[in-house]
Amino acid sequence: MNMARSFNNWRKYRQTVNELDRMSARELRDLGIERSEIKSVARAAVGF
């Protein structure tokens, strides 16, 4: 069960990173996110 949960968290993390990466600098700025913060924002979103 823990393995499945870890895999799902990893998938959510990758999906969040990919979605944020596709955004323009202006879109990220509107959300209050710098491009350098994408990975940490994604980690926080899934609880890493």
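1. A word on terms first: helices (H or I, at least four residues) and strands (E, at least two) are DSSP runs, numbered from the N terminus. On that basis, the protein chain has 3 helices and 0 strands, and its elements run α-α-α from the N terminus on.

2. Please keep in mind that this is a predicted model, in which local features need pLDDT of at least 70 and side-chain atom pairs count only at pLDDT 80 or more, while totals for chains, interfaces and linings use all residues. Residues are numbered from 1 along each chain as its sequence is written, and side-chain values use heavy atoms, with hydrogens and water left out.

3. Now the overall picture. The C-alpha trace of the protein chain spans about 40 × 15 × 15 Å along its principal axes. Buried means under 20% relative accessible area, exposed over 50%, and partly exposed in between (1.4 Å probe, protein chains only). By this rule, 17% of the 48 residues of the protein chain count as buried.

4. What lies in the largest nonpolar core? A nonpolar core is a set of buried Ala, Val, Leu, Ile, Met, Phe, Trp, Tyr and Cys residues joined through side-chain atoms within 4.5 Å. Here the largest one has 8 residues: Y13, V17, L20, L28, I33, I38, A42 and V46. Helices α1 (2-21) and α3 (38-46) each supply at least two residues of this core. In soluble globular proteins, nonpolar side chains tend to be buried together.

5. An α-helix has 3.6 residues a turn, so residues three or four places apart point the same way.

6. Just after α3, G47 takes a positive phi of about 85°.

7. K12 has its place in helix α1 and counts as partly exposed, at 46% relative accessibility. K12 and A42 are 30 residues apart in sequence and 8.3 Å apart in space, C-alpha to C-alpha. A25 lies in helix α2 and is partly exposed, with a relative accessible area of 44%. C-alpha to C-alpha, A25 and R35 are 7.2 Å apart in space, and they are 10 residues apart in sequence.
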